[in-house]
Amino acid sequence: MTRECAVLLPGVCAALADPRQPGLDDTCLEKLLDWFRSLTWFDPTVELVQDNPCLTELITSVLALPDPSPGILSFTLQLAGILASSESRFQHLQQEKLLGRLFGQEGPRGGAAWEDASVRSAWVKGVHSMVHHQPALHFLCSTGGMDVIFTLQGDPSLFVASAASQLLVHMLTFSLESETSKALSTKDCDWPACAQMIVKHIQESLQSGSASHIEQSLKLLSSLFGSCFGSCYAAWTEVLWLDIAKQIESFLLEETVQAQPVLANLLLNVARSPVFCGTEGSFWALVTSALEHLTPVQAGPLAVGLLKLCKCPQDVRIQALTVLLQPMDCILRAASQPLECAGLLDESVSDPVTVESLLSSKTSCAGLLCQTLAHLEKLLSLKHLRVDLPCVSLLRSLVTILQFCNGFLSPSSPLGSTISRNLINCFRVQKSALDVLAALSEKKDCDTLIGSLFDVLLAYLQSPNTNPTVLKKTFQATSKWLVHLQELSSSSSQWQQTEKILEDVFVVLQKRLCSPCWEVRDSSLEFLTAVVKCLKDQKEFRQCLLSSEVLRLTENLLEDPESYVRASAVAAVGHLALVTCFAPESPVIGNQCNKESIIAKLQEILSTDSEGFPRRAVISIFTKWLREGFTGQLEDTEQFVSRVIQTVEHDLDWEVRLGGLELVEVFCSQTICQLAQCPCAPVSSAVPSTTRQNELLQVFCRAKLFGFLFGSLCDCDKPVGQRACDVLVGLRGHFYPMSTLENPREIEDSPAGHGIAWLQRTLRQGSLAQNFPTDGGNGVDFQDPESMMLALGAIDLLELHDELNKSSDHVEESPQSLLQDILATVGTIEDNEVDCY
């Protein structure tokens, strides 16, 4: 603790204990507790409380109040727990007889204040902070604290109940730390005293017959096995599991127990423990039993969790996959009778009638399918899945679900008809199915279903009844499958099918770009951008694109009334230009593309659009063009960059200004590479000759880069200043590669020295100096190469870099500032207006 804080602390403690003072803002109190946590974390000695007796005086004063406010009592409980986190301070507070009055039987847990949930929560947090040494454990066990914690597990406040459960996990784990060196046997094992109390409580609760007590203990066990206990205390984990396994098994078989979802989570957390790595033993048999007896909705999370485990036995893994595929299998079998194609499964894990019943119910059908589809999407995203997914059958079932949802399929079976009625226009299921469909595009062996797959996708794209969000998902899935289709057609004789699909897609896209719904226009433009990115090099795609009306319609949307659409149109036009204007071999039809016209339109948006989104999109596209080398010769590029940054530097949107700096960074890097006639290496790698230095500086000065960069250092938005400083540091590394910086005293004597000195002083003022002139009004000529060379060498850019990278509130966030804020608040009758960082 600094001397300044030690001087302020007594006044703060006195104010906190004074009931006449207005209550402090909770944020102030939390920040004060955070400060004490950091102090005690780094210094476990007793000196903190001995050297600052005002802390114990605060606790004593609050305990002496006849009716302390819940806020100050909560603060005191947490503060005492933090102070008691080291054994020496714990003993000191015990000698002062304070801990018993806070956490013992004579404390608030027996009074009216206990009715306030914040006080109960603070009691638990205080105890949690305190329990980091054995004396604290003995104190709790001997003062009835354990019974209080067991009771708080079922607290009506979920925050208190959760905190109590976390505390028990911490206490059990901590109490075993001293036992880890002992040789343990599963037959002969004595739990430490505190752990024994917790384990006994768990066992009694599980056997109590009380649904709430059973659920509380199952949740506690689940948290326990899911914590470091399950992985760090293997022998104890096995002992605990053997104690409860029979009871858990009985719960799975009893239909009256309502804790099945918690059971599934518990089993999954136990399965993650190293204890059960082997394939033998009763545990995996219990997991198999759970997959059979839990409902499909309850078993789903367990199944997908098991499939992610590398050590799960293969037969259990196959069973888990079967659980996930059962609803999809049922969909396939219900779609046609007699069956035209095989289902997904040869046999089921649980009774198929259960799944059929859930899919037949209007209330459960969508929920089961959405959960199943979400799990399958997770599995498809895994790089290494240790079971083979039947992708073809899965794709067929997805197509069937989408046909059910849009009424394209009229099954003859009674079950199929019922499922179809349940799913008609079900947006939730449509979105989930399309997500899985998109994920399947990266799998092989689905080629035989390409035709029927695109029939369904096109039907969704064409239908006026397709929900805008579903349409967006359909576009996303379509773009992924178009890429897959293009890969197929390049390696086989599927070109005719590909051409027909592309033509159909562009016909639909033309209609959707004219939709009265802005979300649809926006999704259509995003789709267009996505496919152009992936397929722009494909000749067949370019032909279909250029023979459609898509280019004209997209350019029209640059003037759309909705800013989101204008931004998406900018992105689309920018990527289309790479196909129609900048690619040397691009076949241009009529006046569909004029490079100068497009650049002029985008520059107009950058300078005049009232919304930030389109302007951000323009600067992003310009940077992409520049990065990919599509802006012409160096002279053209120089003029282009100069025009852009002169527009951007006055933009009110900081993200646009930041984008301008990214453009400048790319331009600098490319120009250095171009003039050095070397492959694009890091900026600082080449040592330039004096001639080349001058040539570079002249290019940068003509483009007016330095005025923009130095002005951005004083930007009121910090990320802009940071990026500008990064660019300038990179440039200095190029022009002064050996750190041979200029001598500031020599510079002051030079003709430009006065201006450079002014610039250095101005930059040190930071954002206070924003809007400083960049036109040479203060003796700095930002377009003079010699002056800018001096500026790069003399100004301490690394110091500026450090200042800009400091937290913007590094002064206000100090503990001293916090204590001053609290003292400034004391004695006022107005609402607390202090901005406590």
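Helices are DSSP runs of at least four residues, numbered from the N terminus. In this predicted model, helix α28 covers residues 518–535 and includes tryptophan 518. The side chain of this tryptophan contributes to a nonpolar surface patch of about 270 Å², together with Tyr564 and Phe613. Tryptophan 518 is partly exposed, at a relative accessible area of 30%.

Charged pairs were examined next. Side chains of opposite charge can pair when their charged atoms come close. Across the whole structure, 21 salt bridges are found. One of the pairs joins glutamate 628 to lysine 624, with 2.5 Å between the closest N and O atoms. Both partners are partly exposed: glutamate 628 has a relative accessibility of 35%, and lysine 624 has a relative accessible area of 24%.

A further salt bridge is formed by the side chains of arginine 657 and aspartate 717, at 2.9 Å from N to O. Arginine 657 belongs to helix α35 (residues 654–676), whereas aspartate 717 occupies the loop between α37 (705–712) and α38 (718–735), so the pair ties together parts that are 60 residues apart in sequence. Arginine 657 is buried, with 8% relative accessibility, while aspartate 717 is partly exposed at 23%.

Glutamate 665 and arginine 723 likewise meet through their side chains in a salt bridge, with an N to O distance of 3.0 Å. This pair links distant parts of the chain, 58 residues apart, with glutamate 665 in helix α35 and arginine 723 in helix α38. Glutamate 665 is partly exposed at 31% relative accessible area, as is arginine 723 at 25%.

Technical notes:
Residues are numbered from 1 along each chain as its sequence is written. This is a predicted model: local features need pLDDT of at least 70, side-chain atom pairs count only at pLDDT 80 or more; totals for chains, interfaces and linings use all residues. Side-chain values use heavy atoms; hydrogens and water are left out. Patches are made of residues with over 30% relative accessible area and no salt bridge: like charges are joined within 9 Å, nonpolar side chains (Val, Leu, Ile, Met, Phe, Trp, Tyr) within 5 Å. Accessible areas come from the Shrake-Rupley method with a 1.4 Å probe; for residues, only the protein chains shown count as cover. A salt bridge is a side-chain nitrogen of Lys or Arg within 4 Å of a carboxyl oxygen of Asp or Glu. Helices (H or I, at least four residues) and strands (E, at least two) are DSSP runs, numbered from the N terminus. Buried means under 20% relative accessible area, exposed over 50%, partly exposed in between (1.4 Å probe, protein chains only).
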